[in-house]
Amino acid sequence: MLIDPKRVEFSKYQGLPHLLCPIITSPDKGKNGLIKLVEEMEKRYELFASKGRGASNYKEYMEICNEMGYEKIPYIVMICDEFADFIENDRENAKLIQRIAQMARACGIYMVIATQRPSVKVITGDIKANIPSRIALSVSSQIDSRTIIDETGAENLLGRGDLLARIPNHKSLIRVQSAYLENREIMDICDFIKNQRGVNYMKDFEDLSPKVVTPYGMESEIGTPYKDFHNDPKFEEIKNYVIKTGKCASGKIQNAFGIGFNKADGILDTLEADGIIKREGNRRVLAEQYRENLIEEDNDE
C-alpha cells in the first residue's frame, strides 16, 4: 500500500502487480486504507486464534499453513510519504498509524513512513517506540537528529544519500551511503515488472472511496449498506455525550467510552445519518440545531 499525499512521488509505481490497492493520494482514501489495514490485522489475529494451533506470529502461522494446507496470507507493507502532512490533515490517522505500529508486525504487516519535518509533534514517543528501525538523512539541527535516531550526528551528514541508521540489535548507529537511481532507471524496472503480470488488488482494498451518509437501509455510493448502531448498548449514552459536549471525533469517543475505533466510527456514522452531526471538510461537527443548544447551555454555565 502506497500513500502519496503529494501525488507525484509514487506515481511511477502505479500498476505494479505487488500493489495491494491503487496508489492512495487523497486524505479520505488514506484514512479508509488505514482502517482496512487495522481490520486486516484483526482478521489475521482471529485466524491465528482459530487455526493457528498456538501460533503467535506470522512465521509460526505460515509454518502451520504449510503443514495443514491452509491458504497462505501475504506480507503487507504500507509506505507513507510526507507523513507529517498526512496526519495533520486528520489527527485520527496518527492513532491508526500508532495502532498498526504497535500490533501489526507480528501478523506480517509492516510500515515505512517518511517525513521532511521530523518534529516531536509528528514523530511522537509512542510511534518511535514501535518503529525500531529508523534512518536519518541530512537534517538542519541536532534536535531533528535526536527526534529521529535519539542521537546527534545527522546534522553533520554530507547529503546526497549519506545517512545514519538505527537498527535493532546494533548498539551504535550505522553510517551508510544509499544508492541513487534516476527516474529513467526506475521507470525501466517498473515497466519490466508490469510486463510480467497485471495488477491483482486485494478485494477488501479495491475501493477506498469515502463513505457517503445516506438514510439507513439505502445503499451508499460505494455499494454497501451502513451498519445500524441504534441498538448498540452504548448508542444512547454516546449520543447524549456528543449532544452535550459537542465532541464528535472518533478518538474522543474511543477514549471517553473505552471502545474500539470501528465501533466509535460506526456510531458516529449513525448519528450523522440521523442528522445529529454533520461533516465540515474532514471533521464531524454538531448540526446547527444542536450546536445552538450547546451554546445556550455554555452561556447558562
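Predicted model: local features only at pLDDT ≥ 70, side-chain atom pairs only at ≥ 80, totals over all residues.

Trainee: Why is Asp150 called partly exposed?

Mentor: Its relative accessible area is 40%. Buried would need a value under 20%, and exposed one over 50%. Asp150 has 40%, in between, so partly exposed is the term.

Trainee: And what is there to say about phi of Asp150?

Mentor: Phi of Asp150 is near 70°, a positive value in a residue other than glycine. Glu82 is another residue to look at here: its phi is near 50°, also positive, and Glu82 is not glycine either.

Trainee: Where does Glu82 lie?

Mentor: In the loop between strand 2 and helix 3 (83-89).

Trainee: How do you know whether Glu82 is buried or exposed?

Mentor: Check the number: Glu82 has a relative accessible area of 9%. The limit for buried is under 20%, so Glu82 counts as buried.

Trainee: Let's go to the helices. What makes Gln254 buried?

Mentor: Gln254 is found in helix 9 (residues 250-257). Its relative accessibility is 18%. Since buried means under 20%, Gln254 with its 18% gets that label.

Trainee: Which residues does Gln254 touch, leaving out those up to four places away in sequence?

Mentor: Those are Ile259, Gly260, Phe261 and Ala264. To count as a contact, heavy atoms have to be within 4.5 Å.

Trainee: What about Asp265: why does that one count as buried?

Mentor: Asp265 has its place in helix 10 (residues 261-273). With 9% relative accessibility against a limit of under 20%, Asp265 counts as buried. Look at Ser250 as well: Asp265 and Ser250 are 15 residues apart along the chain, and their C-alpha atoms are separated by 5.5 Å.

Trainee: Now the whole chain. How many of its residues count as buried, as a percentage?

Mentor: 39% of the 301 residues. The chain has 11 helices and 8 strands, and its C-alpha trace spans about 65 × 55 × 40 Å along the principal axes.

Trainee: How is the chain divided into domains?

Mentor: Domain 1 covers 2-133 + 168-205, and domain 2 covers 234-294. Their centres, taken over C-alpha atoms, are separated by 30 Å.

Trainee: How do you know that domain 1 and domain 2 are in contact?

Mentor: By the contact rule of heavy atoms within 4.5 Å, 10 residues of domain 1 are in contact with 8 residues of domain 2.

Trainee: Last topic, the largest pocket. What lines it?

Mentor: The lining has 50 residues, and Val112, Ile113, Ala114, Ile135 and Leu137 lie nearest the pocket's centre. Elements that give two or more residues to this lining include strand 2 (76-80), helix 4 (92-103) and helix 7 (183-196). Strand 3 gives the most, with 5 residues. The volume of the largest pocket is about 1,700 Å³.

Trainee: What makes up that lining by class?

Mentor: There are 31 nonpolar, 10 polar and 9 charged residues. Val, Ile, Ala and Leu count as nonpolar, so Val112, Ile113, Ala114, Ile135 and Leu137, the residues nearest the centre, belong to the nonpolar class.

Definitions and conventions. Residues numbered from 1 in each chain as written. Heavy atoms only, no water. 1 Å grid on protein atoms, 1.4 Å probe; cavity = no way out; pocket = protein on both sides within 12 Å on 5 of 7 lines; lining within 4 Å. Points joined across faces, edges and corners; volume = space filled by probe spheres on them. Helix = DSSP H or I, 4+ residues; strand = E, 2+ residues; numbered from the N terminus. Buried < 20%, exposed > 50% of the residue type's maximum accessible area, 1.4 Å probe, protein only. Domains from an automatic or database assignment.
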